[in-house]
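Have a look at the model, then work through each one step by step.

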Amino acid sequence: WALMLVLSVAIYGSHAPLLTLCKVDGAIPFSSTSVVILVELTKLLLSLLSLLTWNPELQRATVSWRHVVPFALSALLYAANNNLVVHMQLFMDPSTFQVLSNLKIVSTALLYSFFLHQRLRTCQWLALFLLVAAGVSYSWGGLWEPGSPSGMQLHITLPGLFLISVYCLISGLSAVYTEAILKTQPLPLSLQNLFLYFFGVLLNLIGSLWSSTEAGFLEGFSFWVLVVVVSQAVNGLITSVVMKHSTNITRLFIISCSILVNALLSVALFSLQLTSLFFLAVLCIGLAVHLYYG
């Protein structure tokens, strides 16, 4: 568990720096849709390999359409959220999105408590709000590029505020709904992943064909893009293990702790500087861990 959680923190934290390494002349040279499809396909193949190799209980598993259909809704929710992220860029800048997207911690915790009937203590709620504060502090200005203007202003419109609210709601709903399916079905996790990622590949392929461009599917791909695909696929499989055998709250702590990895890589690779807001975020995360698990 310790190795798996540390690996997940490292992958979450390295995602943004890896995307920066993929840029050519300051722009992302590949199709984000192609990357999403390849990530889902990689997870599907790894789940199939795991199912055929390490699941002797598969012979005793009884599968019906009632086990398969719920994963279609889960994949649809994830696909809807991915598309919302793209459309929100029309109504707010990326920095504003990074700040406000931390509200999905609250929405996930509320839905987790309501739908899964998990009552959280007052100190645990305080810990989760500290995670929100940590995310906002880091997104607001935890890193500073020498020569750039200090401070950040939020740029958001009323439609953007509505979309970020919907995004946080769907993000929490998809995570809690998937956790409920994984825990209530008496099936091996690899088989459940197979259903989920099959629908993930299918829906993203349909979306890709619907909004197809003349650019090639693998145009702009490089070694770093391959690293992104593999790392995100591995992290997706780890996340399913966390949801099956732990909780979405653990996933929230993993994402928040990834701030540390993101900051260290940004300083080492891009010569960014840490600010007081970064250390405030670290303090909030430390207090949150102590309050929730201590």
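**Exercise 1: α1 and α9**

M4, L5, L7, S8, I11, Y12, H15, L18, L19, L21 and C22 of α1 touch W224, V225, V227, V228, S231, Q232, V234, N235, I238, T239, V241 and V242 of α9, with contact meaning heavy atoms within 4.5 Å. This is a predicted model, where local features need pLDDT of at least 70, side-chain atom pairs count only at pLDDT 80 or more, and totals for chains, interfaces and linings use all residues. Residues are numbered from 1 along each chain as its sequence is written, and side-chain values use heavy atoms, leaving out hydrogens and water.

Task: sort this contact by residue class, then work out how α1 runs relative to α9.

- Step 1. The contact of α1 with α9 holds 17 nonpolar, 6 polar and no charged residues (Ala, Val, Leu, Ile, Met, Phe, Trp, Tyr, Cys and Pro are nonpolar; Asp, Glu, Lys and Arg charged; the others, Gly among them, polar).
- Step 2. Helix α1 (residues 2-22) packs on helix α9 (residues 223-245) at about 150°, axes 9 Å apart.
- Step 3. So α1 is roughly antiparallel to α9 (angles over 145 degrees; under 35 is roughly parallel, 65 to 115 roughly perpendicular, the rest oblique).

**Exercise 2: α5 and α7**

Task: find how α5 sits against α7.

- Step 1. For helix α5 (residues 104-115) and helix α7 (residues 158-184), the packing angle is about 40° and the axes lie 8 Å apart.
- Step 2. That angle makes α5 oblique to α7.
- Step 3. Their contact counts 8 nonpolar, 4 polar and 2 charged residues.

Key
Axes fitted to C-alpha atoms, helices over the stretch in contact; angles between N-to-C directions. Helix = DSSP H or I, 4+ residues; strand = E, 2+ residues; numbered from the N terminus.
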